[in-house]
Amino acid sequence: MEARAARLCAQSKHVHHTHIADVSDRESLDAVMEELAVGYGLSSAAYFGIGLSGRSKGNPFLAVTYSSDWVEHYKERRFVEIDPVIQTGFRRLLPLDWEGFDRTDERIKTLFGEATEFGLGKKGLSIPVHGRHGDRGLLSISCDRADRDWTHDKLLYLRDFQVVATHIHDKVLRLEGHWPLERHLSPREVECLQWIAEGKTAWECATILGLSQHTVRCYLESARHKLNATSNTHAVSIAHRAGLLLPPL
C-alpha cells in the first residue's frame, strides 16, 4: 500500500503543480480534469461553479469527466433537486465525505446507485471554495477504493484537493473574466485594448493615443498578463466579458 500511495503522490503533484498553471481556455481545463482523474486514480472528477457574473443561477460553469450519457440522464431525472452533493456542498465551508449521506432515502439511494452504473465511484469527496464576491466552486472526486485503502488515500485527497480546488476555481474566474481587485487594468491598458477591439493595429493605437508603438505594446503585454490571456484577441474577449470595454458600434 505504501508503494501505491507513493506512486499516487508523485503522479498527482506533477498534475496539479504544472498543468493547472498552464490552463488558458476551456479545452485545456477539460484536459486537466481528465489528467487529475488519471493521476490520482479516480473514477471521476468534476468542478461546478456558481455565482459567476454573466451566468444565471441555473447555468453553472461545469468541467467534468462524466460521460455525456450520465450528464443527460442526470438532467432528465432532475437529480440536481435531491443531489446531496449539490444541495449541501455549496453551503459548507469544510470538505464533504459522501459516506456521510443518508442512503436510507430511496431517491438518494437511487441517485448513487445509477451514478455507479454510469461509471462514478462509490466513494467520494466534495471540496467547496467560497470566493470574495459571492462566487462559489465545488470540486468533487469519486473512486472505488477498498475501505482500507480509502481510509488512507482520503487523507492524501483531502490534503491535495483543497489546494487543487482553489487553483481550479481561480482559473475559472479568470476564464470568465474575473481577477483580484488589485489586478484591475489601468486606464491606458483599457484604452489600448479598446482600440484593438475596434480592429486597430498597435501602430494605429499609438497614433490615436499619441504614444510610441513600443509603449502601446508594453501596455498590451501588461494587460495580457493581468488577464492571464494568451493573445490580444483573448485579452479583448476576457475584458469584454468583464464589462471593461465599450460594446462595438
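This is a predicted model: local features need pLDDT of at least 70, side-chain atom pairs count only at pLDDT 80 or more; totals for chains, interfaces and linings use all residues.
Leaving aside neighbours within four places in sequence, Phe161 is in contact with Tyr40, Leu42, Ile127, Leu139 and Ile141.

## Packing of H8 and H9

Helix H8 (residues 202-209) and helix H9 (residues 213-227) have axes that come within 8 Å. The axes cross at roughly 110°. H8 is therefore roughly perpendicular to H9.

On the H8 side, Ala202, Trp203, Cys205 and Ala206 make the contact. H9 contributes Gln213, Val216 and Arg217. By class, the contact has five nonpolar residues, one polar and one charged.

## Cysteines

How many disulfides does a search of the whole structure find? The search finds zero. A disulfide is a covalent bond between the sulfur atoms of two cysteines. Cys192 is in no disulfide: the nearest cysteine sulfur, that of Cys205, is 5.9 Å away. The cut-off for a disulfide is a pair of sulfur atoms within 2.5 Å.

Cys192 counts as buried, at 0% relative accessibility. Cys143 is also buried, with a relative accessible area of 1%. The cut-off for buried is under 20%. Cys205 also belongs to the H8 side of the contact with H9.

Terms used: Residues are numbered from 1 along each chain as its sequence is written. Side-chain values use heavy atoms; hydrogens and water are left out. Axes are lines fitted to C-alpha atoms, for helices over the stretch in contact, and angles run from 0 to 180 degrees between N-to-C directions. Helices (H or I, at least four residues) and strands (E, at least two) are DSSP runs, numbered from the N terminus. Angles under 35 degrees count as roughly parallel, over 145 as roughly antiparallel, 65 to 115 as roughly perpendicular and the rest as oblique. Contact means heavy atoms within 4.5 Å. Ala, Val, Leu, Ile, Met, Phe, Trp, Tyr, Cys and Pro count as nonpolar, Asp, Glu, Lys and Arg as charged, and the others, Gly among them, as polar. Buried means under 20% relative accessible area, exposed over 50%, partly exposed in between (1.4 Å probe, protein chains only).
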